[in-house]
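This report looks at the fold of one protein and then at the aromatic side chains within it. Please keep the sequence and the coordinates at hand while reading.

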Amino acid sequence: MSPEVIQGGNFSDHRGTISYVNDFSFNDIERFYIITNSEENPIRAWQGHKLDSKNFYCVSGSFKIHFVKIDNWENPSKDLTIETVEVSEFDSKIVHVPAGYANAVESLEKDSKLISFSTLPLSNVKEDDARYPADYWNLNG
């Protein structure tokens with residue numbers, strides 16, 4: 001499976017605005033988190049998952065979602081291609097990152113909030129998690 005953007009939309013009238021992503025299915029979702037990075041550390045990186053898929057939705061502010069397809073879990077190549085998708089509170093979409101990838105989330109504004117929907121039960125997370133140093137793949141070059 002490949003990463004994908006599931007596009008939604010917004011509807012506004014005199015009552016306010018509704019943001020939606022009607023083509024996203026919650027069938028496999030086990031849990032969710034709301035991420036707010038600190039001002040001092042706007043990048044939360046790199047966390048990989050062999051079994052867990054991640055789905056990111058921006059609630060407020062904006063983020064860059066970075067991800068790489070892992071070639072070797074114990075010693076991944078430092079030359080892997082980094083893919084990036086920007087999300088914002090005004091652009092109603094979900095970024096689906098399937099199992100087999102490592103991701104990094106980068107806040108672009110103060111107090112930005114991102115929901116991460118996960119497909120793996122919490123009881124299985126420890127055996128699935130692979131963490132790499134924040135500078136393992138260079139986001140600035």
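## Aromatic pairs

Rings of Phe, Tyr and Trp (its six-membered ring) are taken to pair if their centres lie within 6.5 Å, and a pair is called stacked when the planes are under 30 degrees apart, edge-to-face when they are over 60, and tilted for the rest. In this structure, which is a predicted model, there are 9 aromatic pairs. One of them joins Phe-32 and Phe-117, whose rings are 6.1 Å apart from centre to centre with 45° between the planes, which makes the pair tilted. Because Phe-32 belongs to strand S4 (residues 31-35) and Phe-117 to strand S11 (residues 113-118), this pair ties together parts that are 85 residues apart in sequence. Phe-117 has a relative accessibility of 11% and therefore counts as buried.

Another pair is made by Tyr-136 and Trp-137, and it is edge-to-face because the planes stand at 70°, with the ring centres 4.6 Å apart. Both partners are covered by the protein to the extent that they count as buried: Tyr-136 has a relative accessible area of 12%, and Trp-137 has one of 1%.

Tyr-136, for its part, has Lys-78 lying over the face of its ring, at 4.2 Å from the ring centre.

## Strands and fold

The protein contains 1 helix and 12 strands, and, read along the sequence, these elements follow the pattern β-β-β-β-β-β-β-β-β-β-β-α-β. Strand S2 (residues 9-13) pairs with strand S3 (residues 16-20) in the antiparallel sense over 5 bridges, and the two form a hairpin with 2 residues between them. Within this pairing, Gly-9 stands opposite Tyr-20 in S3.

## Overall dimensions

Taken along the principal axes, the C-alpha atoms fill a box of roughly 55 × 35 × 25 Å.

Of the 141 residues, 42% count as buried, while the accessible surface comes to about 8,300 Å², of which 46% belongs to carbon and sulfur atoms. Among the contacts with a separation of 6 or more, 81% are accounted for by residues 24 or more positions apart.

Note on methods
Residues are numbered from 1 along each chain as its sequence is written. This is a predicted model: local features need pLDDT of at least 70, side-chain atom pairs count only at pLDDT 80 or more; totals for chains, interfaces and linings use all residues. Side-chain values use heavy atoms; hydrogens and water are left out. Two strands pair if DSSP finds at least two bridges between them. Helices (H or I, at least four residues) and strands (E, at least two) are DSSP runs, numbered from the N terminus. Buried means under 20% relative accessible area, exposed over 50%, partly exposed in between (1.4 Å probe, protein chains only). A charge sits over a ring if NZ of Lys or CZ of Arg is within 6 Å of the ring centre and within 35 degrees of the ring normal. Contact means heavy atoms within 4.5 Å. Accessible areas come from the Shrake-Rupley method with a 1.4 Å probe; for residues, only the protein chains shown count as cover.
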